[in-house]
Amino acid sequence: METTTTTTTAAAPPAKPSRFQYMLDNPGFLAPLFMAPAVVYIVLLVAFPTVLSVYYSLSAYNIYNLSFKFVGLKNYIDIFQDDVFLQTLGNTFIFTIAANVIGLALGKATALLLLRDFRGKVFVRFLIILPWAVPIALATLAWRWMFDSLYSVINWSLQHAHLIGPNTWPNWLGEEHLAMISVIIVHAWRLFPFGAVIFLAGLTSIPKDVMDACVVDGAGFWRKNFQIVIPMITPIIAIAGLFGIVFTFTDMSVVYLLTKGGPTNSTHVLGSLAFQVGILSGDVSHGAAISLVMFPFLLVASILLLRFLRRREV
Amino acid sequence: MPPKLRLKKLLDNTTAYTILTILVIFAAFPFYWMLITTFKTDGDLYNLHVVPFWFHAMPTLDHLDLLFNQTRFLRWFWNSMVIGVLVVAITLVTALPAGYALARLVGTRGETLGIGIFLTYLVPPTLLFLPLSRVVADLHLQDSLWSLVVVYPSFTIPFCTWLMMGFYKSIPRDSVEAALVDGCTVFGSFFKVVLPMSMSGILTVVIFAFTLAMQEFIYALTFISSESQKPITLGVATDLVRGDIYYWGSLMGAALIASVPFALLYNFFLDSFITGITGETR
Amino acid sequence: MAQVEAKQIKKQFGDVTALHGIDLTVKEGEFCVFLGPSGCGKTTFLRIICGLESASSGELYIGDKPVIGLPPRARGVAMVFQTYGLYPHLKVRDNIAFPLKTQGTPKDEIKPKVEWAAGLLGIGHLLDRKPRQLSGGERQRVALARALVREPAVFLLDEPLSNLDAKLRTSARNELKEFQRRIGTTTIYVTHDQVEAMGMGDRIVVMEHGRVRQVGTPTEIYDEPANTFVATFLGTPPMNLVESNGHLMGFRPENFLHKSIYENLTDLMDINFRVARVEYLGSERVVYGFLEGIPHEGEVMSKLPVHVGHLDLREGEQYPFAIKRQDLKYFDKSTGERTAKG
């Protein structure tokens with residue numbers, strides 16, 4: 001048979017690979033090679049600066065005093081005796097908690113509504129996702145305009161809906177409590193689409209079989225929600241929730257562009273205060289100390305995230 | 001259907017769509033407001049005696065004219081593009097191989113290492129801007145858009161490495177091993193088989209690295225003060241305000257132009273993003 | 001073409017020993033089947049031969065050339081994977097050409113070779129499609145063509161039929177066997193399916209827990225099992241094993257028949273059989289029950305061909321059954337190994 005003659009002339013196996021080729025075959029050599037650029041980048045531009053920041057916070061370094069004199073915990077003691085810092089710390093927590101609670105609640109509601117089928121759903125989803133998808137700095141400018149002290153479209157609407165009196169004209173960004181509410185509104189506005197999309201992903205990831213089985217087993221609304229839906233989507237929600245919390249907790253763009261921390265430092269968050277002290281005033285060591293106060297909370301968030309990511313693996 | 005049930009369902013539907021409408025307005029109104037503001041004449045804009053949601057004078061292009069011809073808006077736009085493209089390039093060169101090493105070459109420790117890299121994504125700019133401004137100064141990059149090109153990959157790499165890890169895990173092992181049997185080195189199989197099979201993942205990484213770079217504000221604010229070096233977010237937010245005077249029409253026009261196209265792109269790749277962040281494969 | 005020789009191949013995964021020192025020679029041109037339950041180490045062994053996995057110790061020769069330490073591409077082997085491992089981003093044509101291109105085959109030689117391989121497997125009309133546009137059977141042929149095109153010394157196939165549906169599997173089995181006979185390349189075929197193994201293998205290597213339990217032709221393996229594992233792993237239903245005089249006595253259900261069926265009554269062992277349950281399977285009946293005088297620990301089975309359908313067997317009744325003495329196999333009670341006689 002013709003085919004047989006072809007195969008008997010089979011090509012000899014290729015020659016033994018060279019030393020160089022051997023290295024290209026060896027995962028023990030390739031893995032470090034492949035990871036090196038990313039790891040070097042992260043070490044140089046994340047790990048090293050973090051250490052440098054710790055070092056700043058323990059020294060007397062500022063733009064007028066370039067000596068790195070070691071002062072121990074003095075900078076931390078200073079900031080914790082400063083009322084502005086204490087209020088800032090409080091603000092950061094208030095903003096983070098309030099914005100995330102509102103964001104997740106609205107997100108969950110949105111997700112449940114988006115589970116329905118209706119015409120134009122794709123477009124509605126796009127409109128809903130906009131706040132999360134656009135640069136927060138630019139979106140905050142729009143809010144600043146909507147909260148304008150003279151021409152606030154929000155005030156106009158509230159007045160014409162008779163929700164506030166005809167002679168009241170709230171100065172959203174100029175009055176302490178209103179300014180805090182404004183910051184929370186913008187954060188919640190930015191977060192809720194993210195929450196919605198995550199909830200939606202979680203809800204649609206529950207296999208239909210499970211839901212069917214649970215209906216067949218006669219589970220009511222509450223049992224269905226609390227024994228099936230919530231436990232099943234918890235890991236996803238927890239991961240996303242932690243991200244939302246970390247992003248709000250560490251953000252400074254919203255505050256910086258909306259109120260610049262004002263009126264009279266009443267709406268600062270750790271990030272914006274660190275920027276004001278460390279960059280604008282040039283007091284690098286105190287600035288570093290202020291921003292490093294975030295670190296323990298980030299650490300807790302990381303550990304929790306790690307646990308949820310691990311649990312997801314199982 | 002019994003009438004009582006039908007009524008209940010109708011009420012349910014009405015409530016549901018009412019709530020949804022309110023949520024959509026909440027989400028999208030600022031963008032509508034940007035649009036309206038961009039094209040309103042100043043007189044119309046600052047008139048409180050008419051319903052502000054629509055035009056009461058002929059729409060105008062004055063604000064856009066100011067934006068394009070009397071500010072450096074186009075320059076900022078261009079700067080952002082340059083930064084975006086270069087950041088994407090650096091991200092690809094680092095994250096594509098790193099993700100593969102973690103997903104397939106390192107073995108069981110890869111997952112742990114990968115989570116470690118991912119967690120560095122949580123270290124925020126607000127913690128790093130002080131030391132990094134020193135690093136940037138030492139590299140003689142202060143007040144230059146190159147500082148952003150160098151710094152932005154510090155947050156795109158962790159995220160994109162993690163994203164790619166997930167994508168690589170989903171490509172069939174058999175095809176990669178077939179390539180080894182068919183004559184490739186492990187190194188060769190990465191380029192000839194693994195990367196071509198991961199195109200959708202790579203595209204997602206490109207989009208996300210690009211949008212993350214476009215959206216950044218804090219590092220830009222810290223490192224850059226010259227008008228000509230600013231990326232779009234910084235330029236619009238700082239240079240369209242003269243003293244206390246806000247050029248709202250131009251500002252909103254700029255915000256709209258700089259945000260909506262990227263939002264569209266982002267929306268398109270949202271599902272991959274969610275998959276990446278939660279690690280759920282569906 | 002080449003023979004494959006393994007000497008004391010061992011494989012450890014951490015604390016787990018996957019292979020306990022395997023010695024085996026696969027002859028030139030032979031169709032050799034590795035058969036065993038999942039987790040027996042057959043796929044690991046195949047992957048070690050291929051070079052995708054490295055052995056912890058031992059020697060391995062392909063065509064007299066030591067290959068331990070060589071990467072897969074330098075071993076002159078081709079492999080067909082369980083899920084075929086096609087390159088989804090390449091057309092069928094480029095899938096088949098891939099091994100040639102990586103070997104640096106001149107361009108003008110590639111096209112005729114691809115067409116030759118595709119023609120041999122009857123997929124010449126599919127060359128411009130992408131793998132996802134193909135059916136399971138077509139994909140399997142593409143994988144075979146890709147393995148074949150560079151004329152390897154050894155074919156390695158890892159359960160290549162397990163992703164096909166049952167009907168297609170039967171025809172693919174025949175084609176594959178026929179195809180191997182035609183090209184005559186040494187072939188190692190891994191499966192957990194005894195029907196595939198019996199039907200295709202020139203020789204079968206039965207494996208369990210990382211050890212080779214028996215090597216032999218299908219007839220040898222089936223008729224003269226070397227131990228109780230091989231005896232019970234092959235055959236549906238498997239060989240009956242009962243205790244007798246301190247040994248294990250084994251006999252196949254199809255050799256355990258009602259006495260009236262035998263024409264020659266010499267050399268028979270008579271046993272009374274109490275019927276517990278009868279399963280009617282169309283071409284045969286499987287009768288479950290207990291042997292008289294043997295403790296009720298093991299049920300035994302009898303497989304009655306349909307042409308003895310006149311026999312009316314009732315549940316709970318006892319009937320005279322018999323086995324030819326030559327069909328009785330004896331095994332050691334503690335080791336399970338075959339012994340001469342009870």
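Helix α4 (residues 136-148) of chain C has 13 residues and reaches 18 Å from its first C-alpha to its last, close to the 18 Å expected at 1.5 Å a residue. That expected span is 1.5 Å times one less than the number of residues in the helix. The structure is a predicted model, in which local features need pLDDT of at least 70, side-chain atom pairs count only at pLDDT 80 or more, and totals for chains, interfaces and linings use all residues. Residues are numbered from 1 along each chain as its sequence is written, while chains are lettered from A and ligands numbered from 1 in the order in which they are written.

**Helix α4 of chain C**

- Helices (H or I, at least four residues) and strands (E, at least two) are DSSP runs, numbered from the N terminus.
- Of the 13 residues of α4(C), 10 are buried, and the helix is mostly covered.
- A residue is buried if 20 or more other C-beta atoms, placed from the backbone, lie within 10 Å of its own; it is exposed if 12 or fewer do, and partly exposed in between.
- Among the buried residues of α4(C) are R139(C), R141(C), L144(C) and L148(C).
- The partners against which the buried residues of α4(C) pack are β6 (77-80), α2 (92-102), α3 (107-120), β7 (154-158) and α5 (166-183) of chain C.

**Chain C as a whole**

- Chain C contains eight helices and 19 strands.
- The C-alpha trace of chain C spans about 75 × 45 × 35 Å along its principal axes.
- Chain C has 342 residues, of which 41% count as buried.
- Two residues are in contact if their C-beta atoms, placed from the backbone, lie within 7 Å.
- Among the contacts in chain C with a separation of 6 or more, 64% join residues 24 or more positions apart.

**Backbone details in chain C**

- The peptide bond between T236(C) and P237(C) is cis, with omega about -10°.
- P237(C) is placed in the loop between α8 (228-233) and β11 (240-244) of chain C.
- D64(C), a residue other than glycine, has a positive phi near 70°, and its place is the loop between β4 (57-62) and β5 (65-66) of chain C.
- D64(C) counts as exposed because it has 8 C-beta neighbours inside 10 Å.
- H209(C) is not a glycine either, yet its phi is positive, at about 45°.
- The loop between β9 (203-208) and β10 (211-216) of chain C holds H209(C).
- Because 15 other C-beta atoms lie within 10 Å, H209(C) is partly exposed.

**A bent helix in chain A**

- Helix α11 (residues 221-250) of chain A spans only 38 Å between its end C-alpha atoms, whereas a straight helix of 30 residues would span 44 Å at 1.5 Å a residue.
- At T234(A), α11(A) bends by about 50°, and the proline P235(A) follows within four residues.
- The bend at a residue is the angle between axes fitted to the seven residues ending there and the seven starting there.

**Domains of chains A and B**

- Domain bounds come from an automatic or database domain assignment.
- Chain A has domain 1 (19-57) and domain 2 (75-313), and the centres of these domains, taken over C-alpha atoms, are 34 Å apart.
- Four residues from domain 1 of chain A and seven residues from domain 2 of chain A form the contact.
- Chain B is assigned domain 1 (3-60) and domain 2 (73-278), with 35 Å between their centres, taken over C-alpha atoms.
- In chain B, eight residues from domain 1 and seven residues from domain 2 form the contact.
- On the domain 1 side of this contact in chain B, α1(B) gives the largest share, five residues.

- Chain B places 74 residues in contact with 80 residues of chain A.
- Helix α1 (residues 3-39) of chain B supplies 13 residues, the largest share of the side of chain B that touches chain A.
- The largest nonpolar core has 263 residues, and those with the most contacts inside it are A255(B) and L156(C).
- Helix α9 (residues 176-205) of chain A provides 16 residues, the largest share of this core.
- A nonpolar core is a set of buried Ala, Val, Leu, Ile, Met, Phe, Trp, Tyr and Cys residues joined through C-beta atoms within 7 Å.
- Not counting residues up to four places away in sequence, A255(B) touches L138(A), L141(A), A142(A), M34(B) and V236(B).
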